[in-house]
Amino acid sequence: MQSPLYADLVLLLEIAIGLALLVGAWLARKRKFREHAWCQSVAVLLNLVIVAMVMVPTFREQVNPKIPAKLGRSYVGLPAAHGALGGIVELTALYILVAAGTKVLPEGLRIRRYKLWMRAVLVAWWLVLLLGAATYMRWYVPFPFRH
Amino acid sequence: MIRTFLRIAVLTFSLSPALTLLAAGSRYLGSTTQQGQEQTVEVKIDNFSFSPATLTIAAGTTVTWINRDDIPHTVVTSDDPKAFKSKALDTDDKFSFAFTKAGTYSYFCSIHPKMTGKVVVQ
């Protein structure tokens, strides 16, 4: 492995967050809605901190200068897809938190079909997590069959 | 028969140092170019490693790193203040630095910090 320590830590944290969201979904099925709300809120907010402090600066330094010229290369395309889809999913998850946990949104902007939205975001979250893991593998793991 | 065998053995034995020297020389010439007094030595970046990992050169030599890997790498000196620091090198990108002062310069890839190398300037 050729990865820096921070990349290893981020990968482990993101896997933990993904698992925590699954636990949160299970809590909702068990009708423990208060625990469900806490679990999902901590997971989404912790992810926001990691994205802002580690992923965005790294992306800006190492990937952004190569867009769009080298978007076809997997070491640019994978993190670009991860970043784009991940940004949408994180913003949607934050929107659900605000809509479900507060009353700051006007009536017209509130969510009615919570289950559908939450399930869709959970599936998309895991897709983003897999894209992130693929990005880690592409950038830091030397494969013997690469050459 | 025995005499022929002895002749071949003696010939091989006497020629082997010369052949070894010739091979070493061709390798050296293959990785350096000489223009007047200036010399350029190449370090290849491939499969997450610098090759050669340790390079010994004379003061005034320019070292050029070439990324032959299919992932970006950087070349950054470990010393502080930094004598040299490349941008992220894509495949086939190059970075050169002229070593004018004697000393040992350790360097690494800032994207993959376990990738390290050393330039010894005499």
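Colleague: Which helices do the buried residues of α2(A) pack against?
Modeller: In this predicted model, they pack against α1 (5–29) and α3 (74–101) of chain A.

Colleague: And which residues of α2(A) are buried?
Modeller: H36(A), C39(A), Q40(A), A43(A), V44(A), N47(A), M55(A) and V63(A).

Colleague: Why would residues three or four places apart point the same way?
Modeller: Because an α-helix makes a turn every 3.6 residues.

Colleague: Nice. Where is the kink in helix α2 of chain A centred?
Modeller: On V51(A), with a bend of about 40°. The helix itself covers residues 33–63.

Colleague: What does the C-alpha trace of chain A span?
Modeller: About 55 × 30 × 25 Å along its principal axes. Of its 147 residues, 20% count as buried.

Colleague: Switching to chain B, what is the strand order in the open sheet?
Modeller: β4-β9-β8-β6, four strands with mixed pairing. The edges are β4 (54–57) and β6 (76–77), each pairing on one side only.

Colleague: How do β8 and β9 of chain B run, parallel or antiparallel?
Modeller: Antiparallel, with six bridges joining residues 103–108 to residues 116–121. In that pair, S106(B) stands opposite K118(B).

Colleague: Last topic: how many residues of chain A are in contact with chain B?
Modeller: 10 residues of chain A, meeting 12 residues of chain B.

Colleague: How do those on the chain A side divide into nonpolar, polar and charged?
Modeller: Five are nonpolar, three polar and two charged.

Notes:
Residues numbered from 1 in each chain as written. Chains lettered and ligands numbered in written order. Predicted model: local features only at pLDDT ≥ 70, side-chain atom pairs only at ≥ 80, totals over all residues. Contact = placed C-beta atoms within 7 Å. Nonpolar A, V, L, I, M, F, W, Y, C, P; charged D, E, K, R; others polar. Bend = angle between axes of the 7 residues up to and from the residue. Helix = DSSP H or I, 4+ residues; strand = E, 2+ residues; numbered from the N terminus. Buried ≥ 20, exposed ≤ 12 C-beta atoms within 10 Å, placed from the backbone. Pairing = 2+ DSSP bridges.
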